[in-house]
Amino acid sequence: MNKSYIKCPNCGTENVNNDYCRTCGTIINVVLQRKLERERIEQTKLTARQNEKPSQVGAFLKKGENHSNIIIRAFFKVVYAIWFFFAVIIGGFIAAIISAAAG
Ligand SMILES: [Zn+2]
């Protein structure tokens, strides 16, 4: 088995086959550190996405998609698709008016 000696950048302690410094607890495994950093960033992105509030119409229609009756569920899916389609069109229309007004 390979023995890897890693010197802690924080306190200078030599550690053998350890991910964390045995003296101060600093992460000394670079691979693990990068992995944790990546996971932390992913988690932050996920939290930000969850905090985005959907509009009331969108939320209402989304809730309908979880209805126990499959016909109502299908109906809500269609209405949601139509609503989403128009939301995009109206959004583009407003953007066009604003850009036209701005000259
Ligand atoms: Zn240390």
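These are my notes on a predicted model, taken in the order I looked things up.

**Confidence**

I began with the pLDDT, which averages 86 over the protein, with 95% of the residues scoring at least 70. I then went through the elements and found the lowest mean, 76, in helix 2 (residues 56-64). The highest mean, 92, belongs to strand 2 (residues 14-16).

**Elements and domains**

I listed three helices and two strands. Read from the N terminus, the order is β-β-α-α-α. I noted the division into domain 1 (5-51) and domain 2 (56-102). I looked up how far apart the two lie, and their centres, taken over C-alpha atoms, are separated by 43 Å.

**Overall form**

I checked the radius of gyration, which is 26 Å for the protein, whereas a compact globule of 103 residues would have one near 13 Å. I also took the extent of the C-alpha trace along its principal axes, and it spans about 65 × 50 × 20 Å. I looked up burial next: 4% of the 103 residues count as buried. For contacts with a separation of 6 or more, I found that residues 24 or more positions apart account for 2%.

**Helix 3**

I compared the length of helix 3 (residues 70-101) with what its residue count predicts. At 1.5 Å a residue, its 32 residues should span 46 Å, and I found the end C-alpha atoms 46 Å apart, so the two values agree. I then looked at its cover and noted that helix 3 is hardly covered, with one buried residue among the 32.

**The loop between strand 2 and helix 1**

I turned to N17, which is found in the loop between strand 2 and helix 1 (30-51). I noted its phi, which is positive at about 45° although N17 is not a glycine. Is N17 buried or exposed? I counted 11 other C-beta atoms within 10 Å, and the limit for exposed is 12 or fewer, so N17 is exposed.

I also looked up Y20, whose place is in the loop between strand 2 and helix 1. Y20 has 14 C-beta neighbours inside 10 Å; this falls between the limits of 12 and 20, so Y20 counts as partly exposed. Which residues does Y20 touch, leaving out those up to four places away in sequence? I found G25, T26, I27 and I28. Finally I took the separation of Y20 from I72, which is 52 residues apart from it along the chain, and their C-alpha atoms are separated by 54 Å.

Note on methods: Residues are numbered from 1 along each chain as its sequence is written. This is a predicted model: local features need pLDDT of at least 70, side-chain atom pairs count only at pLDDT 80 or more; totals for chains, interfaces and linings use all residues. Domain bounds come from an automatic or database domain assignment. pLDDT is the predictor's confidence in each residue, from 0 to 100. Helices (H or I, at least four residues) and strands (E, at least two) are DSSP runs, numbered from the N terminus. The radius of gyration is taken over C-alpha atoms; the globule rule is 2.2 Å times the number of residues to the power 0.38. Two residues are in contact if their C-beta atoms, placed from the backbone, lie within 7 Å. The expected span of a helix is 1.5 Å times one less than its number of residues.
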